[in-house]
Amino acid sequence: MDTRDLARQMRFVGSAGGWRALWAGWRRYRTDGRDLPRRGAERARVPGVALGAEPAPGGGVVRFARSALRIRVAVGGAVFCGWDGAEPEPSYALAGGCPEADERAVLEPDLKTDGWRVVSERITVVVSRHGGVEFRTPGGVLLRAESPPRWWDAPPGPPRWVQRSRTPADAEVFGLGGRAAGPRLPEGAYRLWNTDPGGAFGPGDDPLYVTMPVQLVVADAGCHLVFHDNTWDGRVTLSAGVEGAGSGHDRPGGCEVRFEGGPLRYWVMAGPPGRVLRTWTALTGRPALPPRWALGYQHARWGFGSEREVRRVVAGYREHGLPLSAVHLDIDHLEGHRVFTVNERAFPDLPCLARELGEHGTRLVSIVDPAVKAEPGLAAYDSGTAADAFVRDTRGRVVRGVVWPGEAVFPDFTDPRVRRWWGGWYAERLERGFAGVWHDMNEPTSFAAFGDPSLPRSARHAMEGRGGDHREAHNVYGLAMARAGFEALRELRPEQRPFLFSRAGWAGMQRYGGTWSGDVATGWPGLRASLSLVLGLGLCGVPYSGPDVGGFSALPSPELYVRWLQLAAYLPFFRTHSAIGAGPREPWEFGERALECARAALAERERLRPYLYTLAHVAHRTGAPYVRPLWWHDPRDRALRGVGDAFLLGDALLVAPVLEQGATRRAVRLPRGRWYDTVTGVAYEGPGQVLLDAPLERIVVLARAGAVLPVAGADGAVELEVWAPAVGRTGGGVLIDDAGDGWQEPVTARFATRWHDGAVVVEREGEQEVGFPVRLRGVDS
């Protein structure tokens, strides 16, 4: 038993239901020992020598003595590779199926290597006679070299496999879902298994709730993204490259991908970061567009306890003149933690509460857990039993676990019929007055005093009619639940865009909403991990995310609370949240100075709402994250690749939060170009590094010269904040707006800035008038 298992055991055995967790761990262990197929003697296998090739649209098939490789270049530039007959579909990641083949790409002999190659517009694939695969730029520069894969066949189970690759010596890897150690991933092993860490986590904890086999690799040679479309338990081991000094040889970077089963298939796409994310989200789905109110500040707490306490907290925000877009109700508002119920004694009239809050612009959001208490007479349990909706074992018995309500059963979201049944229950949440939902515990988590805190790996799932077990279904359980909720909300309220975010997910989860940090530990390491998670998720195509402000596990100091709030004010999902007993998160509870700092952070968030909403539309159209690493526009700048404590918000702003206790100054690495300190107006030239004052009252934010930011003026109407371009240079910006929560076609306005006769001129594309008030900054006047 490792230390994490021991900590989990102490946590759950010490709780009221601890004995259930002990029994659940034993039951899961016994079930898997009985029902998982025993692996026979393993036989290692490699592709062997090539026997020939068969061209097909977009590529073709190269046949080897003991396997075959299918290559298919899709319209848009993504390249599919599938071994052992693996095809692009069926796939939980792809949105709308496999894209059409690019018929301009042809499989042809490669005279240099005595193998084959496929040349496409953005990438060249070279296949050796023994199964090695290289991906090169159109100019021939190596991006990635895959060694021949190796399988371990052991009937009756699926083969395990490993694939090793080389990348340039200077390559850095980002992604793999939500990782606390990022955003640039250090060398080491990363497990691909969505996991509740069993308590508050920090930078050293891995894996977490959202794991994805998605790597974004950045090198001087160029950027590429590789996605292994396999939902089984796996592991990615990264090793850093070393550049030789003087006449010494380079040692390339390395990557080893291992899976315990499932297909060996993967996609590769190359180009600048913006193009890669556009290609990736075209393949897996554009990010859902949140309603405008979801970009405001939101407050959650496990332990509100009653309508009276909710009203008290909301009244406190109004009394202090602080904006509040939403209040989230955790499991304590449910009757005995049972999903789709309400504790009527503590919350006697939720629809009335929702109407009262709505009059002041505040919505209610409800937690929804997948586990249904196994209790005859409970409507959701009886309905699910009648619909045969719950996961069963190999003997046909319903699988039971332990979650907050006690002994519970779990819907099989990999069954379309079950997704429709589950989605029907969201009508109950809407009737209660909730405007959005928050999916929790959907890794799925089942408390266990030892071992994996989830369902038995032998549990059976529909897998869209194909059939399979939990080894294949586990990582997509949260994704399929998000799909069920999103599609239900669209059907139940077709005139409104759904608001949904999920603790667990997989590649493509951005189609249905966003995510958040989960139970990040209260402390300065947790603050740093919060930014790593948001940056890493954005580079995996999930742009809408954010942390539990203040940390989940304990009461933060006033300084830590302010610094966390300042950071989160510039992140897409802006929410405070805490565990029961972890103390308050209301700004006025941390003293007068902290309250004034919080007031400034919340006011700036409100001022930037038009800009953030524009970024939401940009993400929806292109996949570009709101929050971007500093190297986004210049990935060849190696100094920027290592920066994990600052970020770009869109193209216009550089945000450098304070992540260390007691710090009142910030060293900031600048990308090339001119940058203005938004407080002092002083201009700095990049690339380079500057040291700026960062007292508790402010967070360092710089604006790119020439930027046009749509912001909210004093009256709430949109105005343009224009930062002067450098003399002889130009700039610009965009405003995208709509009604805020429906499906209307948005209006896009593009602006350009330039110098003319010694003055900065702002022009609107296609219009004679700018149409908005303009406030010029960055010039003396």
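**Aromatic contacts, sheet and backbone of a predicted model**

Student: How many aromatic pairs does the structure hold?
Tutor: The model under discussion is predicted. Ring centres must lie within 6.5 Å of each other for a pair to count. On that criterion, the number of aromatic pairs in the structure is 36.

Student: Is the aromatic pair of tyrosine 297 and tyrosine 317 stacked, tilted or edge-to-face?
Tutor: A pair of aromatic rings is described by the distance of the centres and the angle of the planes. For tyrosine 297 and tyrosine 317 the centres are 5.7 Å apart and the planes make 50 degrees. Planes under 30 degrees apart would be stacked and those over 60 edge-to-face, so the remaining class applies. The pair is therefore tilted.

Student: Which residues do ring pairs link into a cluster?
Tutor: The cluster is built from phenylalanine, tyrosine and tryptophan rings connected through ring pairs. Its members are Phe340, Tyr381, Phe390, Phe413, Trp421, Trp422, Trp425, Tyr426 and Tyr477.

Student: At what distance from the ring centre does the charged end of arginine 575 sit over tryptophan 438?
Tutor: Two arginines can be described in these terms. Arginine 457 lies over the face of tryptophan 193, with 4.3 Å to the ring centre. For arginine 575 over the ring of tryptophan 438, the distance to the centre is 4.5 Å.

Student: In what order do the eight strands of the open sheet run?
Tutor: The pairing in this sheet is antiparallel. From one strand to the next the twist averages 15 degrees. Read across the sheet, the order is 2-3-4-5-19-16-15-13.

Student: Which strands of this sheet have one side left without a neighbour, and why?
Tutor: A side is left without a neighbour in the sheet because the strand has a single partner and stands at an edge. This holds for strand 2 (50-56) and strand 13 (172-177).

Student: Which residue in strand 5 does leucine 69 stand opposite?
Tutor: Strand 4 (residues 68-73) pairs with strand 5 (residues 79-83) in the antiparallel sense, over five bridges. Opposite leucine 69, the residue in strand 5 is tryptophan 83.

Student: What angle does the direction of helix 3 make with that of strand 19?
Tutor: Helix 3 (residues 273-284) packs on the sheet. The strands it touches are strand 15 (211-219), strand 16 (222-228) and strand 19 (265-270). Between the direction of the helix and that of strand 19, the angle is about 145 degrees.

Student: What is omega for the cis peptide bond from aspartate 206 to proline 207?
Tutor: Most residues other than glycine have a negative phi, and most peptide bonds are trans. A cis bond joins glycine 182 and proline 183, with omega about 5 degrees, and proline 183 lies in the loop between strand 13 and strand 14 (188-192). Proline 207 is placed in the loop between strand 14 and strand 15. For the bond from aspartate 206 to proline 207, omega is near 0 degrees.

Student: What phi does glutamate 464 have?
Tutor: Glutamate 464 occupies the loop between strand 27 (460-461) and strand 28 (468-469). The residue is partly exposed, at a relative accessible area of 33%. Although glutamate 464 is not a glycine, its phi is positive, at about 60 degrees.

Student: How far apart in space are arginine 400 and alanine 24, C-alpha to C-alpha?
Tutor: Arginine 400, in strand 24 (residues 400-403), is partly exposed, with a relative accessible area of 34%. Beyond four places in sequence, the residues it touches include Arg27, Tyr381 and Glu407. Although arginine 400 and alanine 24 are 376 residues apart in sequence, their C-alpha separation in space is 8.2 Å.

Technical notes
Residues numbered from 1 in each chain as written. Predicted model: local features only at pLDDT ≥ 70, side-chain atom pairs only at ≥ 80, totals over all residues. Heavy atoms only, no water. Pairing = 2+ DSSP bridges. Helix = DSSP H or I, 4+ residues; strand = E, 2+ residues; numbered from the N terminus. Axes fitted to C-alpha atoms, helices over the stretch in contact; angles between N-to-C directions. Contact = heavy atoms within 4.5 Å. Phe/Tyr/Trp six-rings, centres within 6.5 Å; stacked < 30°, edge-to-face > 60°. Lys NZ or Arg CZ within 6 Å of the ring centre and 35° of its normal. Buried < 20%, exposed > 50% of the residue type's maximum accessible area, 1.4 Å probe, protein only.
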